[in-house]
Each structure stands twice: as structure tokens, then as C-alpha cells.
Amino acid sequence: MKEEDLPQDKSALEKMTREICYVKNSDGKYTTGLSTGWDVKKDALDNAWEDIQERTEAARIAVKNGEKSPVFYFMELRIMDFQVLSGYTGFWKFTIKRHLKPNVFQSLSDEKLKRYAKAFDVSVEELKKFKG
Amino acid sequence: MEKEFKHIQTAHCENGVATSLLKYHGLHFMTEPLVFGIGSGLFYLHIPFLSINNGPAITYRSMPGWIFSRACKALGVKVTRKKFSNEEQAAAFLDQKVKEGVPVGCQVGVFNLPYFPPEYRFHFNAHNLIVYGKEKNNYLVSDPVMETVTTLSEEDMLRVRFAKGPLAPKGHIYFPEHVQPVSDEVLKKGIIKGIKRTTYHMLHIPGNIGGVAGIKYTAKQIRKWPQKLGARKAGLYLGQIVRMQEEIGTGGGGFRFLFAAFLEQASVILKNNELLEISEEFTKAGDLWRASAVNMGRIYKGRLKEQKDYDACAAMLDQISDIEKNAFLRLEKMKF
């Protein structure tokens, strides 16, 4: 990539920094250039977030319809998978899967709910009361 | 004794921590491409049947932590590493290092990193930054991907150092010790070793999912995606490829430009003109990776959606694989 071809598109990065890219200068030697962003990857990131929002919305509806417990919703909201949530809570994957069932969730002790609440960065009340 | 720490911005966080810390300890010739090359940072791997963030598991670089370890080993620099099971001990150790005036590298998760924009906060746990001081309750932080230095509160620091999930940092802290001047001889040897190891990884990793063969494997998968996954999911998968390849931290073109810059510097240090020619080949590969990203972008933007459009993306990856294969074969035959 030539220095003058380095894209300078708007992106979420502008809140933080410009990024370094390795580019060729006019003498054909490598140098670094700063870029504010590139539309091609911004579109990819936007799509990924759109997908996350759709999944979260689907999870909210599933909780509302009584098909899933609030754990499912907050998992999607915090873009966690089983491995990540398992890391934060210390529960095994199959235990978490069980806790996604509304009736099992109902019977969880406060101590267990606290572990989820901490992982999701919400209060136990918020977690318990979430109805979708 | 008082050496002043200087913030250096780099494309990739691990290279950056390595470059800054080695420069701080007197190895002024260090550059990001040299660290990346000596540490054999370039790689390609497509892990089948595994999905990360609901997309394909593809990487353009070697395992987190290895670049720094390999580069230091080649230069005869000893790295001390520590992980913790206890958060208080982790905080106390960092404070002690700060008090001693030693800048240290810390592995962190980005999900709770306050200065990252929300759009970039995924559960990615192999980010690296340098802590070089403390003012009141705030750590002075040099994050290599940032243009300037920043700070983190004690609470935030502990949170990101103890992020959980895959590659959990567990308070991981590391710093070079007893850094001796590096002779030209050692540097040259390190560069040659880096080139040979990268070549080996890209050409001879067993199986068909790693190295230049891995790029073809991805191409093969892409041809199947529209049928197998449907248009929407296939588009998201392509988007994930582009993000892994081009997002902040790669230097552009899936680290290929960074590797080309390394070969350019290596050609000067080793006085070898052929390396410069091969560097051009990797620039070409990097440019093609960028062009392939543009192509994929047309699909996930919804402008293209036919099977032949996916085939075109795949054909480009096949072409890239061939170019890189030929370039590495030249490197393999080279006498140093």
C-alpha cells in the first residue's frame, strides 16, 4: 500500500486514536502512516454489532415468552459465550445451560445469582426482576 | 540509573511493548518490524469447527506472547514473567515494580478497558500495555496502539488484568532483565532464525489448515458458505475475516506489510538484495489481501450476493496463497 492510498475514513476509532499502518513512501521504502479508519472494516464492525443487537433482542423476546431465563439475555447483552461466562462465574458450561431454563433459574440461591450479577455488572435485583 | 520511558506507537500491541521495553533497556536499534520478524510473528491458521464471536476462527499471526519471547530469546534477553491467582498480590507486585521505577508489560482484556471505544470492546484477553508509573491512584499507561499515553485507575487496572475467558491474563506481568548490548552478529543470527522459522511455519505445518495451505483451506470454505450458512451469516463470516485481517493491530493487510517492512530492514542489515525483492512480493500479497477485503466488503454490504461473487473472493485467496508460497520457497532456498 502506498502512503497516499492510506484510507482516512470516519470510524469508531476517532474517539481513541489513529492507527499505525505500514505503507510505502514515494521512494518505495517502508514507513508508517496514521489512519483514522477504513470504510471496508467499519462496515464489517457495524454488521457485527447489528448482529449482536439482533441476538440480544431475540434473547429479550425469549425471556419475555418464558422460554429462557434472564441469564440468556444478559449473556447476549454482554456478548459473552459459555467459555467467557464460565470464566467469570466459575460455573461449568452444562450448569450454565441448565440455568438458562426459567424454572431452574427461579430456584437459584442468592449466592449463585450474585455470581451471575457480578459477571454481568448488574445488581441481583435487576437480574432477578428482568422480564424481557 | 534514571532512564526516561518513552511512549512509542506501533501497529501491534505485543510488538509495541517489546519494542518500547527493549529500547528503554538500551537496545536503541529496535523497531517494530524487527521484533515482529525476529519473533516470527507472521502466520496463518484457520481452525475448523471452532467459531469465535459467531464467526470463523482465523488468525494471521502466531500465538499471543510468543513474538516477545522468541525475539528476546534470540537477542539473549531474559524475560521475567509472573501470573497470579490472587488479585491483591498481583496489584502489590505491580506497585512494587512501579516504585522501583521499572516499566513492565501487562496482559489485559479489552472488554473493560475504559479508553477503548465501546465498539471495540469484545472479550479479547491478549491485549498488552506498559505501566511506567503511578500518580495518586492512577497508573500511567503506555498502550502501544495509542498515539499518546493514558492512565488507568487502580480498580480498572485490576479488572482488565483479571478479565476471564479464553486466554485469561491472570494478572500476567512481564519485563526484560539484565539486558546486555546486542552485537551485530547476534542481531543477524536472530533475523535469519526469524526468517527461517516463519518460512517453516508457513510452508511445512502439517495438515491443510495452517500456513499457505491454510489460506487455500479458507478459500475452499468460502465457496461453501452461501449454500451452507445462507447469505446473512456468510456475510457476517466474511466480515469477521476482514476484521481479523485489517483491524487495528495488524498494520494492514493481515500483518503482511509489517513482514515486508521487516524483510526490507533485514536486507539492509544482512546486505542482501534478494530479501528486498522478496519484500516486494509480500507487499504484493498485502495489497491483494486489502483488495480481497474490498471484495468481501461488497458482499457483506449486500451489493453482491451470487455464488460467483464468493467464488471470486475464494479465487483471490488462492492467488495470495500462491504468491506467498513462492516467496517463502525463495526464502527457504536462500543461503545466508
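1. In chain B, strand S5 (residues 127-135) and strand S6 (residues 138-142) form an antiparallel pair over five bridges. Within this pairing, B:Gly133 is set opposite B:Leu140 of S6(B). Strands here are DSSP runs of E with at least two residues, helices are runs of H or I with at least four, and both are numbered from the N terminus; two strands pair if DSSP finds at least two bridges between them.

2. The model is predicted: local features need pLDDT of at least 70 and side-chain atom pairs count only at pLDDT 80 or more, while totals for chains, interfaces and linings use all residues. Residues are numbered from 1 along each chain as its sequence is written, with chains lettered from A and ligands numbered from 1 in the order in which they are written.

3. Chain B holds an open, antiparallel sheet of six strands in the order S3-S8-S4-S5-S6-S7. Strand S3 (78-82) and strand S7 (150-153) of chain B each have a single partner strand, so one side of each lacks a neighbour in the sheet. From one strand to the next the twist averages 35°.

4. Helix H1 (residues 13-24) of chain B lies across S5, S6, strand S4 (104-108) and strand S8 (173-177) of that chain, at about 45° to S5(B). Axes are lines fitted to C-alpha atoms, for helices over the stretch in contact, and angles run from 0 to 180 degrees between N-to-C directions.

5. Between the chains, 30 residues of chain A are in contact with 42 residues of chain B (C-beta atoms, placed from the backbone, within 7 Å). On the chain A side, the largest share, nine residues, comes from H1(A).

Notes
Contact = placed C-beta atoms within 7 Å.
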